[in-house]
Amino acid sequence: MTLAAWPSELPKPVRAPYTKTWLDGRQMRAAEYGPPSARLRTSAVVSVVAMSVRMDRDQRSVFEAFWQDELAWGTLPFTMIDPTTDGWELLDDEGAPVLDESGNPISLARTWTCLFSQDGLPEETMQGLTFNINFSVVVMP
């Protein structure tokens with residue numbers, strides 16, 4: 001099965017209100033004496049990312065078609081470029097860009113497999129002619 005991909009026509013999320021929350025995969029145990037101990041409950045720990053995307057009217061239509069038609073109202077998984085990594089330059093230990101043989105900087109690439117979070121379903125607001133779509137995705141491990 002091929003997963004749907006976040007439409008390339010849509011802009012990257014804006015910096016605010018981007019937040020990422022790691023869900024807890026630990027099993028904590030209280031000790032009779034001394035500090036508590038922990039073990040891994042599951043290795044399939046997900047994170048939840050809340051984000052906002054500013055769109056024009058055409059992009060809003062693309063988003064709605066993606067949500068409703070391709071993802072069956074947000075019930076199917078999809079792939080999305082990681083907005084915190086993809087396209088950033090690879091840096092060396094001193095913070096200088098790493099270059100390829102042609103002298104061009106090497107860019108990082110990373111893709112997430114996501115589901116829309118049931119706690120952060122898409123919510124739309126308007127500012128002038130711009131639509132702000134706020135939503136949360138569950139990033140799969």
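E64 is partly exposed, with a relative accessible area of 30%; the class lies between buried (under 20%) and exposed (over 50%), computed with a 1.4 Å probe and protein chains only. The model is predicted, so local features need pLDDT of at least 70 and side-chain atom pairs pLDDT 80 or more, whereas totals for chains, interfaces and linings use all residues. Residues are numbered from 1 along each chain as its sequence is written, and side-chain values use heavy atoms, without hydrogens and water.

The side chain of E64 meets that of R60 in a salt bridge, defined as a side-chain nitrogen of Lys or Arg within 4 Å of a carboxyl oxygen of Asp or Glu. Because E64 and R60 are 4 residues apart in helix α1, about one helical turn separates them. Helices (H or I, at least four residues) and strands (E, at least two) are DSSP runs, numbered from the N terminus. The count of salt bridges comes to 3, as tabulated here.

| Salt bridge | Closest N to O distance |
|---|---|
| R60 and E124 | 2.7 Å |
| D82 and R110 | 3.6 Å |

R60 also forms a salt bridge with E124. This pair links distant parts of the chain, with R60 in helix α1 and E124 in strand β8 (residues 123–127), 64 residues apart. R60 is partly exposed at 21% relative accessible area, and E124 is partly exposed at 35%.

D82 forms a salt bridge with R110. Both residues lie in the loop between β6 and β7, so the pair ties together parts that are 28 residues apart in sequence. D82 is buried at 1% relative accessibility, whereas R110 is partly exposed at 46%. Salt bridges that share partners join R60, E64 and E124 into one network.

The buried residues of α1 are F63, F66 and W67. Seen down the helix axis, these residues fall within an arc of 90°, so they line one face of the helix; the arc is that of the directions from the axis to the C-beta atoms. The elements covering them include β1 (4–5), β5 (47–55), β6, β7 and β9 (130–139), where contact means heavy atoms within 4.5 Å. The face turned away from the buried side carries the exposed residues R57, D58 and D69.

L108 is in the loop between β6 (78–81) and β7 (111–116) and is partly exposed, with a relative accessible area of 31%.
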